[in-house]
Amino acid sequence: MNTYIGIDLGTSGAKFLLVAADGTILAENTQTYPVSYPQSGWSEQNPEDWFAATLRGLKELLAGQEKSLVKGISFGGQMHGLVVLDREDNVIRPAILWNDGRTEEETRYLNEVVGKDKLSAWTGNIAFAGFTAPKLLWLKKHEPENFARISKIMLPKDYLAYKLSGAFSTELSDASGMLLLDVKNRRWSPEMCEICGISEQMLPRLHESYEVVGTLKAKIAAELGLKGVKVIAGAGDNAAAAVGTGVVGEGGCNISLGTSGTLFVSSEAYKEDKINALHSFCHADGGWHLMGCILSAASCNSWWSDHILQTTDYAAEQAGLEEFLGRNDVFFLPYLMGERSPHNDVTARGAFIGMRPDTTRGQMTLAVLEGVVFALRDCMEAAKKNGARIARTKLCGGGAKSKLWRKIVANVMNMPVDIPQTEQGPGFGAAMLAMVGCGEYGSVQEAASAIVRVRETVMPDKQIAADYEVRYRHFTKLYPALKGLF
């Protein structure tokens, strides 16, 4: 049986999966690399670290495997990061990441001077601080010597594709988050290129996520013991995770509890967000999707546990908290890195509210988990205002491993939550895209129908859901009350 490689290029590390054509995961490993924070609110990585980690990961992944069966490789990647190369293909500066907050001034310029109406007409979206276009404007103003050297502009996963195949390419789901793409018409926006001071020649060739962009370079293939392996465009991590959880076609929903958190609603038709709270992007299945993104999700829990409580035993911290669901007096605002959806506020910050002398460690732990889901509920409400009809959702990401967190999602959203057989959303979806690109399946929808299975469904409890409805209404009043202090 043919096998396929999926790479999930994340923020803290890259995950590598070897997947058989029937969806069986044959091998996996993770490689880590550093994140640098040069100033408060800044977040950068060296793209060369990604490539070095990829070579290590692929060697480990293929050790002891039948390499002749490997037919394709694809990617799910962290979105929005600005990777710039010069004419000699040298990395000009560290990549500015999706969760970097330095572009407040540039984002305000785009939204208020250029105007949200024009941005929406040209790209289907307004400006958010994490998007790529504001980063280009920042680079042009603050590092003009680096900006002048730019020959190629690409996204993180596309740097890997370029290094592995030599193809200067991207695809529509990830490109949608650059604020340089005309999402409705699936082409680069000449207006946004002009505003950012770049030419379309600096941008990669556009593909659908399941299209072949090239083949593995001979030298790398020989080093890995592979032959004739196709490189498929891939997808932004959230679109790849949606594919990996079977959220394709009309009306599917996926919630991801990763470093960041997302609400992803798939659609066969283009839908522009009329309230400027969500993102309207192309989907990896050839359609479109609405997406809400909160910048801190599982990272809130790791911050709280690792750095404040100084423990990595998450299960122990969550033990016994189930009996307090819907009855916690403590609230947590999860805006540790500012916030994107729906507030679009880089100055927002995290906060605990409602502590008393008898407040316990457990209540604060529970509040962190609840606060993340309340913020995702904000995104859910915005999607409904845009006409989305959501009856149930898939759930993936590292946070989905927590039984307690799964119950919180089901009850705060008040809907059934389906847990896929594999929790390797973006990497699994990337492998599926490779299968489609290599002709193993005729379409992304066909691959999802054949491969994706639900392991468990978590149902809401009527009373707990009602209690959480009251708590959520309180939560919605907190950010507006504190906004002036941020």
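E322 is partly exposed, with a relative accessible area of 37%, where partly exposed covers the range between buried (under 20% relative accessible area) and exposed (over 50%), computed with a 1.4 Å probe on protein chains only. The model is a predicted one, in which local features need pLDDT of at least 70 and side-chain atom pairs count only at pLDDT 80 or more, while totals for chains, interfaces and linings use all residues. Residues are numbered from 1 along each chain as its sequence is written, and side-chain values use heavy atoms, with hydrogens and water left out.

The partner of E322 is K407, and their side chains meet in a salt bridge at 2.4 Å, N to O; a salt bridge here is a side-chain nitrogen of Lys or Arg within 4 Å of a carboxyl oxygen of Asp or Glu. Because K407 lies in helix α13 (residues 403-413) and E322 in the loop between α11 (314-318) and β20 (331-333), the pair ties together parts that are 85 residues apart in sequence. Helices (H or I, at least four residues) and strands (E, at least two) are DSSP runs, numbered from the N terminus. K407 is partly exposed too, its relative accessible area being 25%.

Side chains of opposite charge can pair when their charged atoms come close. In total, the structure holds 25 salt bridges. One of them joins K141 to E105, with the closest N and O atoms 2.5 Å apart. This pair links distant parts of the chain, since K141 sits in helix α3 (residues 132-142) and E105 in helix α2 (residues 104-123), 36 residues apart. E105 is partly exposed, at a relative accessible area of 44%. Another salt bridge connects R102 with D100, where the closest N and O atoms are 2.9 Å apart, and both R102 and D100 are buried. These two residues also belong to a network of salt bridges that links E44, R93, D100, R102 and E143.

Turning to the cysteines, a disulfide is taken as a pair of cysteine sulfur atoms within 2.5 Å, and by this rule the count comes to zero. For C282, the closest cysteine sulfur is that of C193, 15 Å away and therefore too far for a bond. C282 is buried, at 0% relative accessibility. C396 is likewise in no disulfide, the nearest cysteine sulfur being that of C253 at 11 Å; C396 is buried, with a relative accessible area of 1%.

Rolling a probe the size of a water molecule over the atoms shows where empty space is left. A pocket is an open set of points on a 1 Å grid over the protein atoms alone, where a 1.4 Å probe fits, with protein on both sides within 12 Å along at least five of seven lines; its lining residues have an atom within 4 Å of a point. The second largest pocket has a volume of about 330 Å³, a volume being the space filled by probe spheres set on the points. Its lining comprises 25 residues, and G41, G101, M337, V346 and R349 lie nearest its centre. By class, the lining divides into nine nonpolar, nine polar and seven charged residues.

Two further sites complete the picture. T311, in the loop between α10 (298-309) and α11, is buried, with a relative accessible area of 17%. A polar atom of the T311 side chain lies 3.1 Å from the backbone nitrogen of D313. P420 lies in strand β23 (residues 417-420) and is buried, at a relative accessible area of 2%. The C-alpha atoms of P420 and G244 are separated by 8.6 Å, although these residues are 176 residues apart along the chain.

Methods: Nonpolar A, V, L, I, M, F, W, Y, C, P; charged D, E, K, R; others polar. Polar contact = N/O pair within 3.5 Å; in protein donor to acceptor, adjacent residues only side chain to side chain.
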